Structure formats: C-alpha cells, structure tokens
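Grab a pencil and open the viewer. Try each exercise on your own before you read its solution.

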Amino acid sequence: MHASWVTLILPLVSAVTVPIPLSPGNAPSVSGNLVSLSIEQDRWLDWVGNVTRNSFFFNTLDNLVSLTGDAPTIRIGADSEDHTNFNPSVPFIQQLFPPPTTTVPYPEATSIVAGPGFYKGAQFLPTGTGVTWGVNFGGKNLTAVFLETQAILAAFASPALANAGITLDFLELGNEADLYRNNGLRSSSYSISQYTAEWITFATNMTRTANLAGSDTRIWGAAFAGSSHTSTDFSPQGIFANNILTSEPGKFINTISQHHYSGSFCFGSGGLLQDLMTKATIRSNLSSFIPDIQATQSHNLDYVLGETNSYSCHGAPGVSNTAGAALWTLDYALFSSQLGISKVFFHEGIGYKYNLIQPETLTRSTLDGSPLATPLKPHVQPQYYAAIITAEAIGDSGQTQALEININDARIAGYAFYENGALKRAVFINSLAFLKSTTTNRTSTHLALTFSGTGTKPTTFSVKRLVIGHADDGSGLTWGGQTYETADARVGGTATSETGTVAAGIDIPATQAILVTFN
Ligand SMILES: *[C@@H]1O[C@H](CO)[C@@H](O)[C@H](O)[C@H]1NC(C)=O
Ligand SMILES: *[C@@H]1O[C@H](CO)[C@@H](O)[C@H](O)[C@H]1NC(C)=O
Ligand SMILES: *[C@@H]1O[C@H](CO)[C@@H](O)[C@H](O)[C@H]1NC(C)=O
Ligand SMILES: *[C@@H]1O[C@H](CO)[C@@H](O)[C@H](O)[C@H]1NC(C)=O
Ligand SMILES: *[C@@H]1O[C@H](CO)[C@@H](O)[C@H](O)[C@H]1NC(C)=O
C-alpha cells in the first residue's frame, strides 16, 4: 500500500544511486580558471575599454576572482587575428566590418589595423590576469608578425600592466591554420609539413623579437580548428612528427591549443538544444581528442581548448543563448578536466549568440540582426552562471581535485570536488531539456547518495540550485536564489538556503544544476 501510494503522488520521480568516492585518488587537479575566455580580437577594446575600463566586463571577471582567487585567463585572437595589421600611428584601432546578416548579426571585421593602445587595453583586466595573444600568420607577412610582437611586448612591459601583474603568458602564431587551404589564406594543397616549416620561419622572428629566451612567456602550438588525429595531417601529432618541438621557436611551445565546436548549426530547435545538453554527446565530442591529449602529454606539454563554444555561426539562435547551454557549459568544462584538458576558453565576440557576457549595449538582435526598439544594455547570458558554478565548486584552495562520479543515468552527470584530499562539494546536472514546448510535466530525479573508500562520511549538506524556467529561456535564471542579470554584473537578490541529509538524498528536476556542499 505504502509503496504504491508513493508511486501515485510522485509519478515523475525516478531514482539513481550516486556513489561518491571519499578520496580523490589521482583525480585531475583543477585550477580556479578552468573556465577561461577567448575573445575575438577585432572588438577587443569594446570588451575591455580603450581610455577607461569597461567596468561591466571587469565585474564579470572580478566576480570569478573573488570565488577562486584566480583571474580567468584571456586569449585574444581568433579569426580576426589573421586579418590584423599594425600601424604605430593608429592610437587604438581602425577596422572595416561587412554588413550584418540574419545568420551573422555581428560579423567579424575584414580588415583591422591595430595601434599601441589596442594592446595596452589589457591594463583594464583584473590584477594577475594571464593573457594569450594571437599574432597574424594568415597574412604571411613577416613585418606584421614583427610589429605586432613588438607592440604586444611593449604593452606588457608598460607600468600599467606590469604593476598590476597582468602577464603575457603566451603568444599564438596563427588561428586555425588547418582551414587556410579552404579559406584562401594558403594554397588548396597546404600540408602539415608546409605549415610546420613556414610556422618555424615566422615564429623564429616572433621568438627573437619577443626575446622568449629571457622571459616567462611561452607559445601555444597548433590552435587548429579540427584534428586529423594523425601524424600526416593537421593535428598535434602532425606538428610533432614534423619536428616542431626541436626547432628554435618550438622549444618555447609548452601548451597545445585545440579549437572545438559541437557542430555548425545556423538555426536552432528544441531538439538541437537537447542534443547539445546530452551527456553522451558531450562525452563523445570531447573524447575524440583523447589520442591528441595523450600525444601532447607524452611530450610533457599542457593541453587546452583554446577556443570553443556550442555551435559555429557564433551560436545557433534559441540554443546557444539559452539556459540549456549553461548546463552544457558546466558539464563540458568539468568533463574536459577529466580528460586532461587544463583550461577551456569559451569563445566570445560582441553580439555573438553563444557569449557568457555581452559587455556592451547592443542595438540589433543577436538572434536575427533586426534593429532593437530598445537597446540591450550590457548583460550576462545564461552560460555565465556555469562559470560561477564552476568557480564555486572549485573554490579558492588552490589544491582542488575534481572527479567525475560514475552515475548510471543518461541525463544525470555529477562531479565531486576535493581539497587536500578531502571531499568538500559535488555538482550534479540534470540535462533533460524541459522546453517551453514540453507538454508533459517536469520530471525530477532522486539522487541516493552513497560513499565509497576511506574517509569520514558526511551526513548533512547545504544546496545551491541553478533554477531555470525552461531550457530554451534566454534569461531569468537564479543561482541559490540570486541573479547575475544585473546592471553592473554584481550578484543581486537574496540568497536562499537549503539543507539536506545524506540519508534522505536529494531531488534534481529536469534542466537544473545543483551544488552540494558537505558539512
Ligand atoms: C573608446 O570607446 C568608446 C566606446 O566604445 C568610443 O565611443 C570612443 O570613440 C573610443 N575612443 C577612442 C579614442 O577610440
Ligand atoms: C604587412 O604588415 C604591415 C604591418 O602590419 C602592413 O603595414 C603592410 O601593409 C602589410 N603588407 C601587406 C602586403 O599586407
Ligand atoms: C623580423 O622581421 C622583420 C621584418 O622583416 C625584420 O625587420 C626583423 O629584423 C626580423 N627580426 C628578427 C629578430 O629576425
Ligand atoms: C557533438 O555534439 C553534437 C551535439 O551538440 C552532436 O550533434 C555531434 O554528433 C557530436 N559529435 C561527436 C563527434 O560526438
Ligand atoms: C501534472 O501536474 C499536475 C499538477 O501537479 C497534475 O494535476 C497532473 O495530473 C500532472 N499530469 C500528469 C500527466 O502527471
């Protein structure tokens, strides 16, 4: 009687066992800036500020600094990196944009001439920020490499940056050179051996101009759009096989950067959003890089996703800009850490659909380019909450290890977080898309918490929930009762408090993430 009564009133709750190891073993260490940002170089100053700081953007970063003690690292470059020239008499930047289209409402500049102030803009980043800067290789113009490198070095040597501890951690030479054979920047037969030889020539100039032998700045290698996973075509294995690492500039490569998008969809749908969020597709997308990560680590190099986001076209409308994409971001970044990816740089550009942050007032729709009756003030998009949740889960110990919890459920992902070897927190994600068009009741999954291994078993915990109306909502999320959708990007509203016991477990509704902090 009792059991059927429970079944009757809670028909939509399924249950899953969550076995949490009490100690991390050799789980990967995760830095507080696991979630970092890649910024399209053309409108870099719109992000950071030219003569004064863009305080909205600064606040979005500073929120994360206050949670982890680590400033998100910033890569400035991407497609427009290969279309940038330098002119010392341009104070900041001069550029030409093609007209907006419905699918690309905020196109990248076709021509960019940067001056000294363009690079000095980095002074407005939070203290201690590490920067990667992309240098033009697409243009095959040694003068551009030379002048840009000099200007980047001069900016980071200036007192404004040096005193704030804002450092040039990496240079990158060329963006997605594996696409040059398709986009006209090189011949259609451009091979990995031609690329490597040419890269070494240009990077030798960059390396000497930047005096890398006498500095802590290093180089990101590869930065390819895709990977052949073979030594005969574009991939980390391909550049290693062509002896990049023993070349003069190659000795300064200590990180391999890979770019990745989950696909190219210029139009969205609920089905596409569910595909993006789905645990299995996140894992299959990222696991394809395992051979590359192993090849990279066998040379004692670090491996990052130096540019990534949901779908190309700057995002699919109604998908990339939604709350469901926030859950994708959270699972994608945390699962990356499990494969040995040390940082995940989510790509951002002014007005792009898949941004975590829109740092500037927008006058046309990011979704279809139509003029907006009321301009959109600077704001965060749903994915920003994933950066906040990741930051809170990792915390500020500087010693955190993260371990995926083995949960036998296609919709529930979980990660445990340890400090100095002790279990502290766990994140759970229910990636079943509850859409505006969903006609059935919202389901919920009960998590029965169990512990394995040695250590003190926690008995109680506190909970923060990322509460989402619908997976395809573009705004209106709350995190522990609070919002980051404020005029200055500082957290607003009153925090809610929820506690639970291990014995009772916890329920997680469809399209929600929770952070459990064990007592
Ligand atoms: C600085 O940026 C602001 C806001 O984007 C713009 O209006 C102004 O023209 C820029 N100033 C210079 C000197 O480029
Ligand atoms: C080469 O680069 C320099 C500096 O960026 C630029 O002034 C010059 O126009 C470029 N040359 C060509 C052929 O693009
Ligand atoms: C780099 O190339 C520029 C332009 O050709 C040249 O002026 C400069 O001397 C080169 N620097 C080094 C260190 O090779
Ligand atoms: C990557 O994820 C997308 C869904 O976002 C899926 O359509 C695609 O098939 C996945 N690719 C791989 C290689 O798993
Ligand atoms: C959906 O929820 C409502 C309100 O809680 C309830 O009345 C209804 O029976 C539920 N429908 C189904 C199919 O379970």
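Some ground rules come before the exercises. The model is predicted, so local features need pLDDT of at least 70 and side-chain atom pairs count only at pLDDT 80 or more, while totals for chains, interfaces and linings use all residues. Residues are numbered from 1 along each chain as its sequence is written, chains are lettered from A and ligands numbered from 1 in the order in which they are written, and side-chain values use heavy atoms, with hydrogens and water left out.

**Exercise 1. The overall build**

Task: Work out how many helices and strands the protein chain has, and how its radius of gyration fits the rule for a compact globule.

Solution: 
- Step one, count elements. The protein chain has 14 helices and 25 strands. These are DSSP runs numbered from the N terminus: helices are H or I with at least four residues, strands are E with at least two.
- Step two, check the radius. For 519 residues a compact globule would come out near 24 Å, and the protein chain has 23 Å, so the two agree. The radius is taken over C-alpha atoms, and the rule is 2.2 Å times the number of residues to the power 0.38.
- Step three, look at the extent. The C-alpha trace spans about 80 × 55 × 45 Å along its principal axes.
- Step four, ask what is hidden. Buried residues account for 56% of the 519. Buried means under 20% relative accessible area, exposed means over 50%, and partly exposed is in between (1.4 Å probe, protein chains only).

**Exercise 2. The disulfide**

Task: Find which cysteines form a disulfide, and say where in the chain they sit.

Solution: 
- A disulfide is a covalent bond between the sulfur atoms of two cysteines. The cut-off used here is a pair of cysteine sulfur atoms within 2.5 Å.
- Step two, find the pair. The structure holds one disulfide, and it joins Cys266 and Cys313, with the sulfur atoms 1.9 Å apart.
- Cys266 is in the loop between strand S10 (253-264) and helix H10 (270-277), and Cys313 is in the loop between strand S11 (302-312) and helix H13 (323-338); the pair links distant parts of the chain, 47 residues apart.
- Step four, get the handedness. The torsion about the S-S bond of Cys266 and Cys313 is about 45°, so the disulfide is right-handed.
- Step five, compare accessibility. Cys266 counts as partly exposed because its relative accessibility is 26%, whereas Cys313, at 18%, counts as buried.

**Exercise 3. Around ligand 2**

Solution: 
- Step one, collect the shell (a heavy atom within 4 Å).
- Step two, sort by class. Ala, Val, Leu, Ile, Met, Phe, Trp, Tyr, Cys and Pro count as nonpolar, Asp, Glu, Lys and Arg as charged, and the others, Gly among them, as polar.
- Step three, find the polar contacts. Such a contact is a pair of N or O atoms within 3.5 Å; within protein, one must be able to donate a hydrogen and the other to accept it, and residues adjacent in sequence count only if both atoms are side-chain atoms. Ligand 2 has an oxygen atom 2.7 Å from a side-chain N or O atom of Asn85. An oxygen atom of ligand 2 is also 2.9 Å from a polar backbone atom of Phe86. For Asn141, a polar side-chain atom lies 2.4 Å from a ligand 2 oxygen.
- Step four, estimate the cover. The protein covers 47% of the 360 Å² of accessible area that ligand 2 has on its own. Accessible areas come from the Shrake-Rupley method with a 1.4 Å probe; for residues, only the protein chains shown count as cover.
- Step five, name the elements.

**Exercise 4. Around ligand 3**

Solution: 
- Step one, the shell. Leu142, Phe146, Asn205 and Arg208 are the residues around ligand 3.
- Step two, the classes. Two are nonpolar, one is polar and one is charged.
- Step three, the contact. Asn205 has a polar side-chain atom 2.3 Å from an oxygen atom of ligand 3.
- Step four, the cover. Of the 360 Å² of accessible area that ligand 3 has on its own, the protein covers 52%.
- Step five, the elements. H5 and helix H8 (192-209) each supply at least two residues of this shell.

**Exercise 5. A loop threonine**

Task: Is Thr486 buried or exposed, and which backbone atoms does its side chain meet?

Solution: 
- Step one, locate it. Thr486 sits in the loop between strand S22 (478-479) and strand S23 (498-501).
- Step two, check the area. Thr486 has a relative accessible area of 19%, so this residue is buried.
- Step three, trace the contacts. A polar side-chain atom of Thr486 is 3.1 Å from the backbone nitrogen of Ala489, and the Thr486 side chain reaches the backbone oxygen of Arg490 at 2.6 Å.
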